[in-house]
Amino acid sequence: MKLIKILSIFIFIFLFFFKANSEEKKNYDLVNKISKNIRCLVCQGQSIHDSQSDFALSMKLVIEEKVSIGLSEKEIYNYLKSQYGEWILYDPVFELKTLLLWLLPLVIFLFGGWIIFRNSKIT
Amino acid sequence: MKKKFNLILILLFFCFCFFVFFQALNNSNVYIPNNISGKVLSDFKGIKLENKEVVNSEDLFSGNDYYLLNIWASWCLPCRKEHSILMEIKDNNKIKLIGINYKDNELNAKKFLIKNGNPFSEIIQDKDGMISINLGAYGVPETYLINKKRKIIKKFVGQLNKNSIKEIKLLLK
């Protein structure tokens, strides 16, 4: 009886740490994922994930804080967008203003494919 | 005839691409901050540099009609340059200056103020830089002109200059 009690305490402790660790890992991965899509304010060609500038480090802390209080990825993007504008995101939203940006590669790809298809048909 | 038409079509397409990219060349690739005038300043909580007292932004911005919130650091060269401007603005009774001391060594910040004068009525420490990020700042120095409802009237990016004083005076009228 005593052994079962001790065992169950051990299992409880193990599960508690396991859950805490997996939660920590999940949050860590989410912070990394978001950081990779946020432009560094100082070195604008880098994401804050790669940058070591003071503002990038501060922004990572803000993201960590938002993740720890349970905000979703989308909510964090929206928050940063409200503070810094659409520019802060590396992945631009699909809208009228960015239509050309999103569709032009597809159009060129289809056009190229059509030329190749036509030429192969001729030969 | 069909070949000619295709050639014209391709040429037109390339002309269109050239025009789009050529136009984009004229656009500055340096970030121009989002226009945040009219927005309400985000709430924050911080520690005063002077006495380590914890203070809320709501308590900071109460009593006066206008506030100038300045993000500064003793290690930042433009902050040193704009300090005389802040000292000049300090004399204006309509406005109260609040400082956010960004990622600074406490001793250096205090020495800086003793040497150059203290234009701020309150200074909040921002040791990890999170307050500045939550305010939407992207560099040091940065200054916000705020009214008593904590609405941002104007955001000054970079060092303040003589023109900024003129602009502030005009906005306060």
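Helix H2 of chain A covers residues 54-68. That makes 15 residues. From its first C-alpha to its last, H2(A) reaches 21 Å, close to the 21 Å expected at 1.5 Å a residue. This comes from a predicted model.

Which residues of H2(A) are buried? They are Phe55(A), Ala56(A), Ser58(A), Met59(A), Lys60(A), Val62(A), Ile63(A) and Val67(A). The pattern has a background in helix geometry. An α-helix has 3.6 residues a turn, so residues three or four places apart point the same way. After H2(A) comes Gly70(A). The phi of Gly70(A) is positive, near 95 degrees.

Read from the N terminus on, the order is α-α-α-α. The radius of gyration of chain A is 24 Å, well over the 14 Å that the globule rule gives for 123 residues, so the chain is more spread out than a compact globule. Taken along the principal axes, its C-alpha atoms fill a box of roughly 85 × 40 × 25 Å. Buried residues make up 17% of the 123 residues. Among the contacts in chain A with a separation of 6 or more, 37% join residues 24 or more positions apart.

Chain A is also divided into two parts. Domain 1 takes 2-91, and domain 2 takes 94-123. How many Å separate the centres of these domains? Taken over C-alpha atoms, the figure is 38 Å. H2(A), at residues 54-68, falls in domain 1.

Next comes the partner chain. The contact takes 13 residues from chain A and 12 residues from chain B. On the side of chain A that touches chain B, H2 and helix H3 (73-84) are the elements that give two or more residues. H2(A) gives the most, with seven residues. By type, the residues on this side of chain A divide into seven nonpolar, four polar and two charged.

Last, the core. In soluble globular proteins, nonpolar side chains tend to be buried together. Here the largest nonpolar core has 50 residues. Which residues have the most contacts inside it? They are Met59(A), Ile63(A) and Ile146(B). H2(A) supplies the largest share of this core, six residues. Met59(A) and Ile63(A) are both among the buried residues of H2(A).

Ile146(B) belongs to the other chain. Leaving aside neighbours within four places in sequence, Ile146(B) is in contact with Leu41(B), Phe61(B), Tyr66(B), Tyr67(B), Leu69(B), Lys151(B), Ile152(B) and Ile153(B).

Definitions and conventions
Residues numbered from 1 in each chain as written. Chains lettered and ligands numbered in written order. Predicted model: local features only at pLDDT ≥ 70, side-chain atom pairs only at ≥ 80, totals over all residues. Helix = DSSP H or I, 4+ residues; strand = E, 2+ residues; numbered from the N terminus. Expected span 1.5 Å × (residues − 1). Buried ≥ 20, exposed ≤ 12 C-beta atoms within 10 Å, placed from the backbone. Domains from an automatic or database assignment. Rg over C-alpha atoms; globule rule 2.2 N^0.38 Å. Contact = placed C-beta atoms within 7 Å. Nonpolar A, V, L, I, M, F, W, Y, C, P; charged D, E, K, R; others polar. Core = buried A, V, L, I, M, F, W, Y, C linked by C-beta atoms within 7 Å.
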